[in-house]
Amino acid sequence: MHVLKNISILYTCCYDGGQGDLYSINDAAVVWHEGVIKWTGKELDLPAEFNSAEVYDANGAMVIPGLVDCHTHLCFGGWRPDEFEMRIRGESYLNIAKAGGGILSTVKKTREASVEKLYEKSAGLLQKIIRQGITSVECKSGYGLTLKDEIKLLKVYKLLQENFSVNVVSTFLGAHTIPPEYLNNREGYIRVLIDEIIPLVAEEKLAVFCDIFVEESAFSVDEARRILEAGKKYGLKPKLHADQLSDGGGAELAAELDAVSADHLEHVSEKGLQKMAEKGVIGVTLPLASLYTQQPYTNCRQMVDAGVKVAVATDFNPGSAPCYHLPLAMMLACNHGRLTPSEALKGATNYAAKAIGLEKKAGSIEAGKQADFVLIDTADVNFWMYHFGGSSVRGVFVKGKQIH
Ligand code: NIG
Ligand code: FE
């Protein structure tokens, strides 16, 4: 039995209530045993049965649930710093892709890399991600785009699951873009996805979700429907990259297919949001992608007002969001998406956990959940986002063990 004491403010981030309801406790304590939370409350009310628990001192820190990054493209070969400068000089994300950069240039480098090399790189990144207070990460494939290379990426994620205590959730994103060898035969690649890769990914249990990039430059709504339906048939739950560069009907499709989440939504329509709200599709905002591609930010306020639960994630990838700093994404979701700091925290914990099917284990500090929490050196969530520093994280606990 273990107890964390001397917590100035604890945000439990329970599911109930609305986007901004965090159910905070001042002068709190948390008790856990064998990695599972047993009790939370005011330290003064600590039941006598926990008197002999081993004590950890939070030194007056703020404590939040382990952050959940519910949208990353963690595993990839190479980097694309040249594109960063090109965009600053005025070249658009789409034009860079058309000129041979973009996703396909990462596909080339990813195909050339071995599982060992990719694992080494992703594991190094994951260690740094954990230091930002993140204890659950969703990871997408999508830079292989052949049966062999997509499986290779998903195997890297499987190795991460086996070797790290944090939660790693895998998503199959074979429909990230049309690979070069199928540029004149879209239907051919769609058939490979539906007939070969999806069945194998499902059979080998290499992913929980099936994602797709719905966009003029990637897949149409009709193509997405076919691919996601095929995924569903094999038990892979749908997720979508929707309405990022234009309003392409992705949000409506997400609602139609009962997707778990629709992500990006920079250009989502009011109608799309209404349909998402009706079906309880979570809207994932990815403000770092807007920051790095000089695109408009997702209007999170409009989403909350429409009744959509908003999760906040990084979209970490080598192109449109080469940054895994989730607290920074939260701060941008506040300043540009108009979420309050409390709303952003619920979006990066409870709702993010729900967006990747971890709601039973992660996303809040309450009895029965995994003992994943983070100590932050700040006064409260408002002050944390307001006086934003590089890292105010003072401790990261996963399943009750301090790993940072
Ligand atoms: O979520 N939109 C598509 N995929 C990524 C970008 C990937 C890349 O640029 O390599 C995204 O932004
Ligand atoms: Fe993405």
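This is a predicted model: local features need pLDDT of at least 70, side-chain atom pairs count only at pLDDT 80 or more; totals for chains, interfaces and linings use all residues.
Residues are numbered from 1 along each chain as its sequence is written, and chains are lettered from A and ligands numbered from 1 in the order in which they are written. Local features need pLDDT of at least 70 and side-chain atom pairs pLDDT 80 or more, whereas totals for chains, interfaces and linings use all residues; side-chain values use heavy atoms, with hydrogens and water left out.

Aromatic pairs number 15 in the structure. Rings of Phe, Tyr and Trp (its six-membered ring) are paired if their centres lie within 6.5 Å, and are stacked with planes under 30 degrees apart, edge-to-face over 60 and tilted for the rest. The pair of F316 and Y324 is edge-to-face, with 5.5 Å between centres and 80° between planes. Both residues are buried (under 20% relative accessible area; exposed is over 50% and partly exposed in between, with a 1.4 Å probe and protein chains only). F316 and Y324 also belong to a cluster, linked by ring pairs, with F76, W79 and Y143.

A charge sits over a ring if NZ of Lys or CZ of Arg is within 6 Å of the ring centre and within 35 degrees of the ring normal. K239 is placed over the face of F209, 5.0 Å from the ring centre, and the charged end of R186 over the ring of F219, at 5.9 Å from its centre.

With a disulfide defined as a pair of cysteine sulfur atoms within 2.5 Å, the count is 0. For C14, the nearest cysteine sulfur belongs to C13, 7.8 Å away; C14 is buried, at 15% relative accessible area. C139 is likewise in no disulfide, the nearest cysteine sulfur being that of C75 at 8.5 Å, and C139 is buried with a relative accessible area of 1%.
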